Amino acid sequence: MKRSILFLIGLLIIIGLSSTEIPYSAPEFMQAYYDAYSNNYINTLASGRGNTGVAKIENVENVLLNPAGFSTDHTEMYIEFLIKPEQKEIGHLGEENYLSNKPFSFVGFGFNFVDQLSSAIYYSMPKSIEYQRYTIDLEAGTIFDRKPKYNHYSFGFANSYEFYNLRVGFDANYNIHSISDMFINGALAKINIKEGAFNFNTGLLYSVNDRLNLGASYNHNYEIDFNTDYWDWEVTVPAKVTAGISYYYLKDSIVNFDYERRMNSQMSEHYDDLNIYKIGLEQQIRNNIIRFGAMHIPSTFSGDVRIPYVDIPEAAYDQTANNYNNGIETIKNNKQTFLTIGYTLNMEELTFNLSGMQAIASEIKTTQLSLSIGVNLTDFDITKYTPKSQDED
């Protein structure tokens, strides 16, 4: 009898814990489970091959994957744009879509002022998400519209040094997290917050021989505080570590294997750390490169989340939203498997790159299309790419 009672009590405790709503771990759309849409996979070359490349030696575009994988012997520029079509939401009201209306995702300049040392400055947008619209209905019959956005901007200075077969890289960056039109239940004021913090990333790349490279990088975590008149957050932006190999199995054929671990539990104990597996293939045909790849990302969290709530006694009427499921939003499973494809046209001082990524077998079927241009500024001659005049003929 005692055992039955103890078993019943334990079962009730487990059920109670499993049904508990967790609090927001960060301001709106900054939580780790929104990465399934907000993450921008920057570097068109990498995104076409399953977001692999931690063991590749490439130009300034590779600095975000691994600062040690960036190398140049000239001055260069790389510009990238991306498009993510609308995608059905996983939380909030379940009636609207996510958007990403910031197509300008990366611009970088690479330099080589000292032998064996490559340096770069860059701007990137690692994350961007906008909620199409939600409506707040009140007891008094008043209706308010909200269109919240979260954007993460990063400005960095990176260096990569070659020492025989080993390359070491260091990237110092300043990160700005901007949230606008944020919703806190009970507060009707439009809340806009923007905070910044410094961070740094490190990397290694070792060339075993002409065919095989090994690489690893570590994106360190950092703390950032957000304060409003109604709610405060102390947020840990999680670290991630990536390791991989790049192998030339034929003269013009490369296979890349990467493993990435995102430590999302640093942001919240309710989030699972993610083990992400990636594979990418590249085939060069004269001055063309074709890429294919795949990437699997598990779900970091699914369940009920309680929206931040504030009671304002001096308000003329109750400002709590009626149409917001009693202040609870249900987050769906956010695992994703991406299939990717990419293409590069190499010219003398120019490269044109295209890539596409599509999530399948997922509640969030994110699509990303990327276009980028790389320019060798040291040797670039625009007359080679313009029609000749009649006099020249």
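Okay, housekeeping. Residues are numbered from 1 along each chain as its sequence is written, and side-chain values use heavy atoms, with hydrogens and water left out. Since we're on a predicted model, local features need pLDDT of at least 70 and side-chain atom pairs count only at pLDDT 80 or more, while totals for chains, interfaces and linings use all residues.

Let's start inside. Helices (H or I, at least four residues) and strands (E, at least two) are DSSP runs, numbered from the N terminus.

Now, salt bridges, meaning a side-chain nitrogen of Lys or Arg within 4 Å of a carboxyl oxygen of Asp or Glu. The whole structure has twelve. One of them pairs Arg 306 with Glu 21, at 3.3 Å from N to O. Arg 306 is in β18 and Glu 21 is in the loop between α1 and β1, so this pair ties together parts 285 residues apart in sequence.

Then there's Glu 260 with Lys 278, where the closest N and O atoms are 2.7 Å apart. Glu 260 sits in β15 and Lys 278 in β16, so here the tied parts are 18 residues apart in sequence. Buried or exposed? Glu 260 is buried at 2% relative accessibility, and Lys 278 is buried too, at 4%. For the record, buried is under 20% relative accessible area, exposed is over 50%, and partly exposed is in between (1.4 Å probe, protein chains only).

There's also a network of salt bridges linking Arg 49, Lys 56, Glu 58, Glu 282 and Arg 291.

Last stop, the surface. Glu 223, Asp 225, Asp 232 and Glu 234 form a negative patch; patch residues have over 30% relative accessible area and no salt bridge, with like charges joined within 9 Å. β12 and β13 each give two or more residues to that patch. Glu 223, in β12, is exposed at 52%.

How values were computed: Patches are made of residues with over 30% relative accessible area and no salt bridge: like charges are joined within 9 Å, nonpolar side chains (Val, Leu, Ile, Met, Phe, Trp, Tyr) within 5 Å. Accessible areas come from the Shrake-Rupley method with a 1.4 Å probe; for residues, only the protein chains shown count as cover. Lys and Arg count as positive and Asp and Glu as negative; His and the chain ends are not counted. The place of a charge is taken as NZ of Lys, CZ of Arg, CG of Asp or CD of Glu.
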